[in-house]
Amino acid sequence: MKGQEWYQADEIAEAYEDKRFSGGGRLIDRREKRAVLEAIGPVEDKRVLEIACGTGRFTVMLAERGADVVGLDISTPMLQQGREKARAAGVDEHLQFFRGDAGRLPFPDDHFDAVLAMRFFHLADTPVAYLEEMRRVSKDIVFFDTFNRFSARSIYNWALPMGSRLYSRWEVNSLLDEADLELVGANHDFIVPYGFYRAIPDGLASAFRSVDRAVSAIPGGDRLSSVSYWECRV
Amino acid sequence: MQEELLDIICCPLDKQDLELDVAEREDGDIVAGTLTCSECGEAYPIEDGIPNLLPPDMREDAPA
């Protein structure tokens with residue numbers, strides 16, 4: 001599993017959100033949160049599990065909306081960040097964190113209403129095995145994103161500290177087949193890849209985002225997207 | 001960790017129930033202790049309030 005050691009360092013965990021989701025990164029954060037809510041919301045009183053929850057960006061949001069949330073991650077420093085955030089938001093009663101392996105989840109079959117994994121599959125060495133585990137513990141929804149092959153992501157991918165696994169739509173469909181999941185919705189976005197939004201000044205980021213969305217809206221335009229969101233049912 | 005969570009977690013290896021042994025509590029929360037599988041006997045530590053349910057081969061002290 002890529003990232004297994006990388007995210008164990010305290011300084012990586014502490015800098016994680018600032019590095020990725022400030023400035024132009026805020027647009028990414030907002031888009032990802034919308035994707036999650038559209039796929040699994042309304043979440044009130046639902047049981048939700050997030051795999052590789054990291055610093056709790058999504059788990060805290062879901063707990064604030066009334067879900068009973070469990071966050072699982074391999075890294076203690078990332079989970080400690082999540083716990084602090086949950087306490088600050090006053091949702092620590094409804095949000096529990098565990099350290100665990102996404103390939104061998106410590107939960108019984110069909111326990112959750114929804115199971116999600118964001119920014120996880122690009123680090124996954126055995127994606128089918130992880131999807132099957134997500135399916136096992138979910139009784140309804142499985143939601144995840146992928147970074148796409150045949151997109152601008154391919155261009156800067158080599159420069160990333162731990163590399164990143166890219167998927168074609170065909171590959172995702174065959175993974176879902178193997179894991180016995182039914183695709184019910186797919187959204188494709190970010191022709192301009194994440195790294196670019198983080199690199200440019202704030203003001204420019206929203207201008208680029210408008211162009212990005214306009215091109216995505218052209219028929220066939222979303223073929224160039226660097227990110228896809230996949231909503232599946234068990 | 002809250003005690004009620006015992007209802008939703010299980011041994012990552014054989015998915016059997018875990019038994020809780022509390023070493024330290026703080027305002028009702030369990031901050032240190034051990035979760036032991038009722039079937040295979042594998043023990044999982046609770047560290048700083050976060051249960052470590054990583055399978056034994058993935059822990060830091062596991063031989064590479």
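Colleague: Just after α3(A), which residue takes a positive phi?
Modeller: This is a predicted model, and the angle is computed from its coordinates. The phi is about 95°, and the residue just after α3(A) that takes it is G66(A).

Colleague: Is helix α3 of chain A largely enclosed or left open by the rest of the structure?
Modeller: The helix spans residues 57-64. Its buried residues are R57(A), F58(A), T59(A), V60(A), L62(A) and A63(A). That makes six of eight, so the rest of the structure leaves α3(A) largely enclosed.

Colleague: What covers the buried residues of α3(A)?
Modeller: Both helices and strands of chain A take part. The helices include α2 (25-40) and α4. The strands include β1 (47-51), β2 (68-73), β3 and β4 (112-117).

Colleague: Is E44(A) buried or exposed?
Modeller: E44(A) sits in the loop that links α2 and β1 of chain A. E44(A) has 9 inside 10 Å, so it counts as exposed.

Colleague: What is the order of the strands in the open sheet of chain A?
Modeller: Seven strands make up this sheet, and their pairing is mixed. On average, neighbouring strands are turned by 15° against each other, direction ignored. β3 and β6 (182-189) each have a single partner strand, so they stand at the edges. The order is β3-β2-β1-β4-β5-β7-β6.

Colleague: How many bridges join β2(A) to β3(A)?
Modeller: Among the facing residues, D73(A) stands opposite R99(A) in β3(A). The two strands run parallel, and the number of bridges joining them is five.

Colleague: What angle does the direction of α4(A) make with that of β3(A)?
Modeller: α4(A) packs on the sheet. There it touches β2 and β3 of chain A. Its direction and that of β3(A) make an angle of about 170°.

Colleague: Which element gives the most to the side of chain A that touches chain B?
Modeller: Across the contact, 14 residues of chain A meet 16 residues of chain B. Two elements of chain A, α4 (76-89) and β3 (95-99), each supply at least two residues. By class, this side of chain A has seven nonpolar, four polar and three charged residues. With four residues, the element that gives the most is β3(A).

Colleague: What percentage of the residues in chain B is buried?
Modeller: The C-alpha trace of chain B spans about 40 × 25 × 15 Å along its principal axes. Of its 64 residues, the buried share is 22%.

Colleague: What ipTM does the predictor give the complex?
Modeller: For chain B, the mean pLDDT is 92, and 95% of its residues reach 70 or more. The complex as a whole has a pTM of 0.89 and an ipTM of 0.93.

Definitions and conventions:
Residues are numbered from 1 along each chain as its sequence is written. Chains are lettered from A and ligands numbered from 1 in the order in which they are written. This is a predicted model: local features need pLDDT of at least 70, side-chain atom pairs count only at pLDDT 80 or more; totals for chains, interfaces and linings use all residues. Two residues are in contact if their C-beta atoms, placed from the backbone, lie within 7 Å. Ala, Val, Leu, Ile, Met, Phe, Trp, Tyr, Cys and Pro count as nonpolar, Asp, Glu, Lys and Arg as charged, and the others, Gly among them, as polar. A residue is buried if 20 or more other C-beta atoms lie within 10 Å of its own, exposed if 12 or fewer, and partly exposed in between; C-beta atoms are placed from the backbone. pLDDT is the predictor's confidence in each residue, from 0 to 100. Two strands pair if DSSP finds at least two bridges between them. Axes are lines fitted to C-alpha atoms, for helices over the stretch in contact, and angles run from 0 to 180 degrees between N-to-C directions.
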